[in-house]
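Visitor: Could we go through this model together? I would like to begin with a single residue and then move on to a sheet.

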Amino acid sequence: MPLVGILLLLQLTTLPQRLDNWLYDTLITSWPPSAPEDIVLVAIDEKSLAEIGPWPWPRAVHADLIRYLNEAGAETILVDILFAEPAVHDQALASAMSEHGRVVLPLYIAPSSQNDLFREQLPTPTLANAAFAIGHAHVELDADGIARGLYLYNGLGNELWPAMGLVANRGQPSVVPTAFEGIHAPAYMNVRSQFVRVPLAGRGGTYTSYSYSDLLIDSPRNQWLKGTTVLIGATAAGFGDVLPTPFSGLAQPMPGVEFHANVLAAARDGELIRDISAGWSVGLALLTGLLIVLILPRLRPSRTFIFSGLLFLLILAGSLVSLLAFNLWLPVANALLVPVIAFPLWSARRLSLANRFLNQQIDVLERGNLLHLPALHHRHPRQILDNLRRLLNPEGWLLKEGGAVLQQENLADDPHAAWHNPAGLWSHHDGVSRVVLTRGDTRYQLALKLPPGLAGAAAERYLSRLQLQPPTSGQPVTVERENLSTRINRAQRATQRLNHIQSFIWRSFEHMPDGIIVTDALGLILFANGHVPHWFREPQPSLQGMALATLLQGHDPRSPGWAETLADTLTQQQSRTVDLHLNGRDFLIHFAPFTLPDSSQNGIIANISDISELREQQRQHREAIDFISHDVRSPLVSQLALIEQLKRRPGEVQAEQLDQLRRLARRSYHLAEEFVQLARAEQLTETRFYDCEFLAIVENARDSVSEQALEKSIKLVLLGKDDLWLRGNAELLERAVINLLTNAVQYSEPGTTVTMQVFRAGHQACLTVTDEGPGIEEFELPTLFDRFRRQKSSELAGKHGVGLGLSFVSVVVEKHKGEISVESRPGEGSAFTLKLPEASHP
């Protein structure tokens with residue numbers, strides 16, 4: 001396993017140990033204990049050396065200091081000065097020590113020379129006998145040269161001396177080493193036991209310190225020293241008794257005497273820190289690795305970092321609690337390195353698996369038959385022209401290669417024509433659309449003469465959207481050198497193609513003329529295009545998750561219900577087609593079951609088609625058949641009967657019979673003419689529109705009915721002098737105005753007036769035809785423009801018709817995107833108003 005291999009390799013370096021030391025130093029310096037006030041230092045500093053004299057001082061000087069401390073009330077005195085050689089005033093110093101009774105002296109264990117064995121350098125016998133206790137003054141330096149602790153016991157063989165700070169707290173004298181029966185070593189071997197870490201109170205100078213000379217030369221009795229423990233030692237730089245600590249590092253080392261003061265305080269307060277055995281550290285690292293192996297593969301990628309971080313913090317918190325609460329130090333570097341190393345390794349592993357899977361899927365996508373529209377700029381201009389001719393049906397075209405004409409039809413080669421647009425951009429001028437195309441080094445000129453009107457304008461907008469020219473290669477080509485970049489680019493291209501397909505599918509659903517509903521296996525709506533909320537009058541958000549049966553049953557209740565139809569579609573996997581009635585409109589809904597490929601998921605696709613227009617056409621077809629079978633056939637039958645009568649009596653033909661035959665034939669002609677005109681109006685499209693002047697149309701219509709009006713002495717009055725230009729079909733518009741005027745004359749009493757007023761209202765050309773006839777009942781107004789509808793009052797008055805005249809007017813106005821309205825009251829006449837959009841550029 002790579003994790004185990006990396007951890008084993010790290011054990012060959014000092015990284016775990018350095019990490020443990022850094023972590024310990026950070027924690028111990030962040031929460032240091034306070035320096036007790038009853039432990040003070042007497043420093044042999046530069047000032048003392050200057051005032052008392054150079055080192056070594058006579059031992060009588062030390063005797064005087066001990067007497068002074070005794071008189072000041074010091075409880076215990078630790079002298080961090082080695083008195084290994086006899087001197088003149090040893091007896092005086094021994095007497096002062098005996099008078100005090102609690103003076104602790106140090107010993108050192110070191111070889112006398114480089115090649116000598118270890119020896120115990122004890123105080124002289126005179127001083128040793130007068131001392132309260134003797135303790136070793138050795139401080140241990142770690143591999144990085146920092147003093148963090150010491151061994152509580154140190155000596156030769158199995159007889160070990162306690163540390164100075166440890167014996168200072170004892171109540172019984174201790175001037176001989178302690179024998180350890182469990183230690184078996186030669187008498188010349190330096191043996192150390194029970195290593196502890198010392199929680200330092202701070203940098204050097206944290207403890208209260210007095211200069212040696214200040215206490216010895218003309219100093220009053222200091223009451224602050226009463227009941228204190230005093231440590232005497234060198235702090236001057238020349239002595240070299242300094243120790244780097246976690247607080248200072250190698251920059252500002254701490255005097256050895258102050259380090260022993262920290263040992264004394266920690267030992268007295270029970271705050272010495274002991275190391276937990278290395279087995280616990282290894283066990284914690286193994287447990288952490290086991291958790292990583294068991295849990296990390298089960299987590300989602302987004303949570304692996306969180307888990308690794310929490311595990312790291314948990315180990316760190318455990319180390320902090322054990323140190324501060326239980327004075328136990330557990331090295332956790334190896335355990336901390338496990339999640340730190342495992343997370344990137346596992347991320348790399350997942351990335352490798354993802355890359356492999358990604359490559360496989362990209363290969364599948366690139367080999368798959370994805371929807372792709374070929375680029376138009378790959379086609380030759382000849383082929384483009386042929387396709388545009390079949391598609392747009394232009395009136396003329398021109399294709400040139402360089403200066404040579406390749407194809408030309410009904411479009412002159414104008415040498416002054418503007419071909420200044422960049423290649424691929426169309427220019428439209430005077431009904432001719434031009435574009436320049438390049439294929440390699442060859443330049444082509446293509447021109448089309450489009451039909452006028454709205455169709456030509458739409459074709460121009462369509463041509464401007466076509467991408468007929470290859471894109472320019474102005475950007476530098478990027479060379480993909482890394483496999484990851486190559487895979488990312490391939491995945492991006494494949495994803496874009498999939499997104500384009502998905503976008504194409506959803507847009508196709510939205511732009512389909514039918515309503516589309518997709519459900520799941522329980523019949524709940526997953527998707528509905530824009531027609532569905534419009535037809536059902538339901539907000540789009542409310543459709544998501546609604547049962548399709550509930551939606552259909554709520555708008556078109558039936559028995560059996562829609563649920564049975566949907567259940568049959570899902571259970572029998574057979575399509576169903578059912579009629580649907582919504583808000584007065586007719587629909588046809590087709591249910592088709594589907595099953596996703598390589599999956600057991602299934603559902604229903606419902607296709608809703610609006611057949612209201614088809615049903616209306618069927619109704620009109622039936623009405624037309626009834627019209628032909630009754631209204632058209634009736635005068636024809638009457639004519640045939642009259643002709644047969646004339647044939648039996650050819651010599652007795654009377655003028656009344658001929659007049660009757662003429663009226664019947666004229667009625668048949670009018671019926672056929674109205675029917676034909678209505679059919680022409682219904683087939684009218686904008687391709688048959690052109691610029692026409694509305695006032696001229698009305699004048700022509702007035703002239704057409706003037707004879708009919710003259711027969712009834714009806715006066716036709718035209719108001720309006722403005723030229724109003726329209727984009728439409730003047731012939732059918734004139735016929736519509738004629739129908740309005742004919743009805744006005746027919747239903748008006750003799751001697752009355754029919755008024756035609758032509759005016760502009762906003763951007764509309766308007767015509768109001770007002771008569772003084774009997775008017776129209778209010779209940780007949782809603783169906784006035786329906787085909788084959790006759791006014792009841794007109795039928796009773798003997799004015800027969802087929803109900804196509806006003807229907808023809810309504811269809812013509814609708815085809816011109818206008819509107820028609822009528823205002824009428826019985827006995828007050830009627831006023832018909834036409835409003836048609838005015839042309840923008842006549």
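**A serine and a sheet**

Guide: In this predicted model, serine 211 counts as buried, because its relative accessibility is 8% and the cut-off for buried is under 20%.

Visitor: Where does serine 211 lie?

Guide: Serine 211 lies in strand 11, which covers residues 208–211.

Visitor: And what does its side chain make a polar contact with?

Guide: The partner is the side chain of aspartate 45, at 3.1 Å.

Visitor: Which residues is serine 211 in contact with, leaving aside neighbours within four places in sequence?

Guide: These are Ala43, Asp45, Lys47 and Ser48.

Visitor: Changing topic: what is the order of strands in the open sheet of five?

Guide: The order is 18-17-21-20-19, and the pairing is antiparallel. Strand 18 (404–409) and strand 19 (427–429) each have a single partner strand, so one side of each is left without a neighbour in the sheet. On average, neighbouring strands of this sheet are turned by 15° against each other, direction ignored.

Visitor: How many bridges join strand 19 to strand 20?

Guide: Three bridges join them, and the two strands run antiparallel. Strand 20 comprises residues 432–439. Histidine 429 stands opposite valine 432 in strand 20.

Visitor: Which strands does helix 14 lie across?

Guide: Helix 14 (residues 454–465) lies across strands 19, 20 and 21, and runs at about 160° to strand 19.

Visitor: And helix 13, which strands does it lie across?

Guide: Helix 13 (residues 381–392) lies across strand 17 (396–401), strand 18, strand 20 and strand 21 (442–449). Its angle to strand 21 is about 10°.

Definitions and conventions
Residues are numbered from 1 along each chain as its sequence is written. This is a predicted model: local features need pLDDT of at least 70, side-chain atom pairs count only at pLDDT 80 or more; totals for chains, interfaces and linings use all residues. Side-chain values use heavy atoms; hydrogens and water are left out. Helices (H or I, at least four residues) and strands (E, at least two) are DSSP runs, numbered from the N terminus. Buried means under 20% relative accessible area, exposed over 50%, partly exposed in between (1.4 Å probe, protein chains only). A polar contact is a pair of N or O atoms within 3.5 Å; within protein, one must be able to donate a hydrogen and the other to accept it, and residues adjacent in sequence count only if both atoms are side-chain atoms. Contact means heavy atoms within 4.5 Å. Two strands pair if DSSP finds at least two bridges between them. Axes are lines fitted to C-alpha atoms, for helices over the stretch in contact, and angles run from 0 to 180 degrees between N-to-C directions.
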